[in-house]
Amino acid sequence: MPETYKLTINGVAREVVAGAALPLIYVLRNELGLMGTRYGCGLEQCGSCMVLIDGEPSYACTRAMDSMAGRDVRTVEGMGTVAAPHPLQQAFIDEQAGQCGYCLSGILISAMALLERNPDPSRAHITAALDGHLCRCGAHERIIRAIGRAAAVMRGEERP
Amino acid sequence: MKPANLTINPRFDTWLKFQADETVRVATGKVEIGQGVVTALSQIAAEELDLSLSQVVILAGDTDQGPNERYTSSSLSIMDSGAAIRAVCAEARALLLRRAALRLNCGGEQLSVEEGAFLVDGASTGLTYWDLANDVDWSQAPTGEAIPKATQDYRIVGQSIPRHDLPEKLTGRAFIHDWLPDGVVHARVLRQPGRGAVLQSLDEAAIKRAAGADIEVLREANFVAFVGADESAVETAAAAAPEHAQWSGAPQINPDQQEAAWLRDQPAIERKFGAEDAAAPQGDLVGELVQATFSRPYVAHASMAPSCALALFEDAHLTIWSHGQGMHPLRANLANVVGLPEAAITARHMNGAGCYGHNGADDAALDAALIAMRMPGRHIRLQWRREDEFGFEPFGPAMLVDISVRVDDAGRPSDWTAEIWSPTHVQRPLPDSGSLLAAEALENPPPVQIPDDPPEERGGGGTRNAKPYYDIPNSRIHHHLVTTPPVRTSALRTLGALPNVFALEAMMDELASRAGEDPLDYRLSLLPDQRARAVLEEAAARADWRSRGAGGEGRGLGLAFSRYKNTAAYAAVVVALHVDEEVHLEKICVVADTGLVINPDGVRNQLEGGVVQGASWTLKEQVQMQGPGVTSLDWDSYPILRFSEIPEIEAEVLDRPEEPSLGVGECAVSPTAAAIGNAVAHALGVRIHHMPLSRQRIMETLLT
Ligand code: FES
Ligand code: FES
């Protein structure tokens, strides 16, 4: 039976009606139109669907709604827009980090969580934080560079 | 010379449209698949028309309004579509300049153009392209004879212009998968386990119960689809369906068949190219014979996004939205299967995830079309599941390569034979071909296609890059085009070049070591082409090749070279790695020569991606099969290179503005595979001939 869940999505309080077992990804995409959370496998294996739940990177493809009441969810749409990008999004543009781009929104989410914990990550920290993500186009090197660059900008050491 | 695509699409207005908002719409049949082609083509158009980039709007892949340029494949977009667009734009500019001279009553040599506005002797006139565009008959055919801008005058071509498509992809909605038109109906399919399988029974009631919400089950012969307004319900239905379906006549695959070695004894079409068969050793052929066998298993495109398509059938017209590589060919194939004339079908491209060749995109488009034809007036959104993509995409074929070389007294190869066993590398759907999956599931499936491979003049398929680019007096190829592979195979980035270059460049290292020479020097001694020498020397210098030691102690430095298709871009790769129980890549340096560079950063991006994908295929990937089909249906059973395994990558491109542009998408892939093979051999002191160079293979090698 569908139930009503209250949660916060990108800073806005929302009420959604959904079945208890419904994975969060369907609510985000099909109910709320937040298409940056992407389906890649539905198996917690690729990271395309990564969102922050109470600040923790989490797979939206398998996360059932009955565990979502009262939670705080952040998606890539909450980071920034084309006109006003988050420093991470800007760094990805500056480094041209991506080819097809399908993997990028999930990666941005994990990168944001990393930088919130560790403002000055090493290459090893970055690759460890991204190891739940796959990128088939091979944009890894640029993605790693972009995250390093965003970190420097956010620390105020490099001009955006 | 008139670009071929202008002859096929002989009207200006197929290519160009001067729009009321003072932009120019430039149409191409090539599509964005993550390679940045839309940005590069807009640079070419803006350059020739003297526009700013923001005045150029690209329309890519549209059967109603754009040119037919077949598939976006084989690293040909800049060479084909780029050449056509350059010629059309140069000629349109010339036509408009002639009008402007009349209107402004001045000499042509006094005129110039800035952002689409005419200047006389450098002074603005107030007159623009858009004021004059209606005076020209754009239905006429371009002659292809206008002289394009001289390369030294370029201001936009040759610049690292940021990709147009990236900002959207970083902030939200951007892909075909993300489009939900009002009233959209979601759909999933139940696939035939293999060609010829017959659906004996389907427990629809059980599937509907599992779905947990209202869904419909559409069934026609052996094609089954689940449709409904609730996407999670159709997804759940599709996940539950296999256990409620009984099939007969499904193929049975023996695990041996997943190995390249199985190909050797299979029925094949015999093809021979190059020198006459080597007769009994005599004359020049006297000399030591060196032989080795190499292989690669079946590998997957493994796109990050399972395929997706939307379709709408309304007023007897079918519109299809697809991320496939060629909208005109797709339209022809759909027409054939659904029984509509081509004029009653529109195919439009939308962005998908990177495909790297022929993946499930076209098949998904037919699935969506079949459903739409049964539900007129509704937008159908068909999405494959992860296991559909891994189970049913057309795979990159397994290949077995025997190399036999006669070596002369100076240690140089005098006679080279590559004997290749491979299923076909190109089975893109053609009308009547039966290679769109759902067509096989319908009543009266189309006949099984007799496999073929691309002709040698287009670079071949299984034979691609099998002929050494080195100076060798005699070389020949014997190609066994295997006709009965256990799975459908088709175009995957580089076709046969990766296994062939892996084998060829391994043999070059072997020959160098027999001759007691350094692998770089040995190659240079057989390479008269200056551009080939330049990429090798530059890569070696950047990777500090001369510091390379004797090897055999776990650390390896390996090098390889290839000119893609032997006619396109040059690339040399040096790989540094170490091996314990598995291979750890440390640094990969690639240097390419792709002629005139349109967008240097875009080229580097493609080189880097090619390096990573080539490394992943070489070290990790093999499609597993058993029973009715593929068993590697997820990322755990089909692992690819991960962030923690990525080496430092240095990609450089030698600019050759005086040379024609050469496609860049594939050139780095095969030499990366070969350089890894050579570096592993250097590290271990023994060569591994068969891909993937996985932990299991390393352990087997170390223990024998
Ligand atoms: S879609 Fe969730 S991890 Fe792949
Ligand atoms: S950019 Fe295509 S999958 Fe990462």
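I began with a term: a salt bridge is a side-chain nitrogen of Lys or Arg within 4 Å of a carboxyl oxygen of Asp or Glu. The model is predicted, with local features needing pLDDT of at least 70 and side-chain atom pairs counting only at pLDDT 80 or more, while totals for chains, interfaces and linings use all residues. Residues are numbered from 1 along each chain as its sequence is written, chains are lettered from A in the order in which they are written, and side-chain values use heavy atoms, with hydrogens and water left out.

**Chain A against chain B**

I looked up the salt bridges between chain A and chain B and found a count of 6. For one pair I noted the side chains of Arg136(A) and Glu621(B), which meet in a salt bridge at 2.8 Å, N to O. I then looked up contact (heavy atoms within 4.5 Å), and found 51 residues of chain A in contact with 62 residues of chain B. By class, I noted 24 nonpolar, 18 polar and 9 charged residues on the side of chain A that touches chain B, where Ala, Val, Leu, Ile, Met, Phe, Trp, Tyr, Cys and Pro count as nonpolar, Asp, Glu, Lys and Arg as charged, and the others, Gly among them, as polar.

**Within chain A**

I next looked up how chain A is divided, and noted domain 1 (3-78) and domain 2 (87-154), with bounds that come from an automatic or database domain assignment. Between the centres of these two domains, taken over C-alpha atoms, I noted 21 Å. I found 16 residues of domain 1 of chain A in contact with 13 residues of domain 2 of chain A. Across this interface I noted 1 salt bridge.
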